[in-house]
Amino acid sequence: MSDSASLSPAAAFAGDDDAAPIAPRTIEETGMSREFLIELALKVMYRRGVETVSAISEITRISPGILSDIFGILRDDRLIATLGSLRADVRAEMRFELTEIGRLRAMEAVGRVDYAGPCPVTLEQFRAQVAAQSVKDHRISRADMEAAFAKLITPEGVLDRLGPAVNSGRSILLYGPPGNGKSSYAHALAKAMEGGIHVPYAIMVDGEIIQLFDPALHRMIPEDDPWTPRDLLEEGAPDLRFAHCVRPAVVTGAELTTDMLDLRFNPTSRTYQAPVHMKAANGVLIIDDLGRQRQTPQTLINRLIVPMEEAVDYLSLQSGMSFQVPFDTLMILSTNIPPNDLLDGAGLRRIYYKIMIARPSQEDFVKIFLRVCEARSVAAPPEAVRYILDVLYPQSGLDFAAYHAVYVVDQCIASCDFHGLPRQLRPDFMGDAWGNLSIIADA
């Protein structure tokens, strides 16, 4: 049995190799003011309808020991009243309810900031955690790369260029003709980067709450055993204000604009949403189809020059206060446009690695075609392959492209299904699909 197997869930969690932060034991160690924690507890009781210290601990993700101190203040100020215990035994937990004064106080707090979730961390705590799990310290081996790219056919030498680029933690531009796997390569690189990190649910800056954790982007690592509030009382317990997640891979494309790189204020809740690159901290930010955004690539890169060069970005609150956040992100850009047509020399210089993803060779195209057929459970007789190589390509004058294989196989399947035939690569259906490819080439 491993050492971690004999520990509590919380202690085992803190013993992971991905630098789990330690839970605060006092109000002062949270970095939050006593007044903030009082109002957070009141809002949780008011918004969530919970009645016990442990229930509030599960929502706010701070220790029952800290909350007991807060509840002592709430009782002294007559903001809560005792309802009795949950069970009739010595371990029963006391229940509480808001008094009329407490309810009014909670409503006033909600009116100022309608947030009743996990307790935020300070900006300094966020910075320290990002530094502790930096992408620049995360190393991948060739074996890691080969595993991540196992489903792709990669030309010889490509992994040898991509691996050092990823380990550098610097920006990468994947460029080349369309339909040859640049987006797939970017996602495979993100897969190679996977590992455990800790992401704060929210950050407090100058009294304002910035929500960072995004369930659509941050994939949590399931615990072997669920944690309980009691675990937070143990020495060295993890700070559960941080979610234990896989390194994020945030993907954006033609919809990206520079305002998505700024804080977004929600006037209803009066909280902020972190920008996309902040949500990608310690992970991967993929900017797909660079050159198809409404704003020019030069404008986007100009906005990102300081983060790329200095590994920090500057954000502003509505009050006008500007503050610094770490830019610790492996940024991968992909484009079909020649780099010199996208950016000026200064912009290209900021992108450290520029890697051409070329068209496949005939040999690699055949491998791709056979793999697509296998994935679709369609037989690929040698005569079908020869028909593509000896007839369709020469007649059309097209160059090899990885996406041709998917295009032809999927359209053959669609034709077979329509005509009620077994799924197969018929020459007439393959010819119809190729005609659609020829139209794309002529467009």
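Student: What volume does the largest pocket have?

Tutor: In this predicted model, the largest pocket has a volume of about 390 Å³.

Student: And which residues lie nearest its centre?

Tutor: The lining of the largest pocket is made up of 20 residues, and those nearest the centre are Lys-151, Leu-152, Ile-153, Ile-368 and Ala-402.

Student: Which helix gives the largest share of the lining?

Tutor: That is α15, which contributes five residues to the lining of the largest pocket; α10 (182-192), α15 (362-375) and α17 (403-419) each supply at least two.

Student: How many of the lining residues are nonpolar, polar or charged?

Tutor: The lining of the largest pocket holds twelve nonpolar residues, together with three polar and five charged ones.

Student: Where does the pocket lie relative to the domains?

Tutor: The largest pocket lies between domain 2 (125-356) and domain 3 (362-437), because both of them give residues to its lining. The domain assignment also gives a domain 1, covering 33-117.

Student: OK, switching to that interface, how much area do domain 2 and domain 3 bury?

Tutor: Between them, domain 2 and domain 3 bury about 560 Å², with 57% of this area on carbon and sulfur atoms. On the domain 2 side, Ile-153, Gly-179 and Asn-180 supply 75% of the area buried against domain 3, which is more than any other three residues.

Student: How many residues are in contact, and how many salt bridges are there?

Tutor: Eight residues of domain 2 are in contact with eight of domain 3, while the count of salt bridges between domain 2 and domain 3 is zero.

Methods
Residues numbered from 1 in each chain as written. Predicted model: local features only at pLDDT ≥ 70, side-chain atom pairs only at ≥ 80, totals over all residues. Heavy atoms only, no water. 1 Å grid on protein atoms, 1.4 Å probe; cavity = no way out; pocket = protein on both sides within 12 Å on 5 of 7 lines; lining within 4 Å. Points joined across faces, edges and corners; volume = space filled by probe spheres on them. Helix = DSSP H or I, 4+ residues; strand = E, 2+ residues; numbered from the N terminus. Nonpolar A, V, L, I, M, F, W, Y, C, P; charged D, E, K, R; others polar. Domains from an automatic or database assignment. Contact = heavy atoms within 4.5 Å. Buried area = accessible area lost by both parts, 1.4 Å probe. Salt bridge = Lys/Arg side-chain N within 4 Å of Asp/Glu carboxyl O.
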